[in-house]
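Open your viewer and get ready to select residues by number. We will visit the disulfides, then a pocket.

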Amino acid sequence: MVKVMWVSVLALVAALFLVTVAKIPVAEGVTCSVTELSPCLAAFMSSSPPSASCCAKLREQKPCLCGYMRNPSLRQYVSSPNAKKVSNSCKVASQNC
């Protein structure tokens, strides 16, 4: 169980690293960079509640979420059940992409 968790964390870190190279500009003045969601990593990977900084970053990155969903490297993380719980806890409406 712990080994699987570490593999998942390493996969997420690798995906974050790959995506940092490709930032997606959005018309609303937000630079889409999945690394901005790093305060949410613990909440995405476990059932821990999101922090205030996580919720703030999630709201900031809301225009970018569909782009993250379209990215095959990130889709499994941003559309996971835990990610949906984080969005609901932070009162960030789900995007219809």
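Which residue forms a disulfide with Cys40? Select Cys54: the sulfur atoms of Cys40 and Cys54 are 2.1 Å apart. Keep in mind that this is a predicted model. The torsion about the S-S bond of this pair is about 110°, so the disulfide is right-handed. Cys40 sits in the loop between β2 and α2 (41-45), and Cys54 in helix α3, so the pair ties together parts 14 residues apart in sequence. Both Cys40 and Cys54 are buried.

Next, select Cys32 and Cys64. A disulfide joins them, S to S 2.0 Å. This link is left-handed, with -80° about the S-S bond. Cys32 is in strand β2 (residues 31-32), while Cys64 is in the loop between α3 (52-60) and α4; they are 32 residues apart. Cys32 and Cys64 are buried.

Now go to Cys66 and Cys97, another disulfide, S to S 2.0 Å. The torsion here is about -85°, so this disulfide is left-handed. Find Cys66 in helix α4 and Cys97 in the segment after α6, 31 residues apart. Buried or exposed? Cys66 has 11% relative accessibility, so Cys66 counts as buried. Cys97 has 56%, so Cys97 counts as exposed. The count comes to four disulfides.

Last stop: the largest pocket. Select its lining, including Phe44, Leu58, Met69, Lys84 and Gln95. The space inside is about 190 Å³. Helix α6 gives the most, with three residues. By class, the lining has eight nonpolar, three polar and one charged residues.

Definitions and conventions
Residues numbered from 1 in each chain as written. Predicted model: local features only at pLDDT ≥ 70, side-chain atom pairs only at ≥ 80, totals over all residues. Heavy atoms only, no water. 1 Å grid on protein atoms, 1.4 Å probe; cavity = no way out; pocket = protein on both sides within 12 Å on 5 of 7 lines; lining within 4 Å. Points joined across faces, edges and corners; volume = space filled by probe spheres on them. Helix = DSSP H or I, 4+ residues; strand = E, 2+ residues; numbered from the N terminus. Nonpolar A, V, L, I, M, F, W, Y, C, P; charged D, E, K, R; others polar. Disulfide = S-S within 2.5 Å. Buried < 20%, exposed > 50% of the residue type's maximum accessible area, 1.4 Å probe, protein only.
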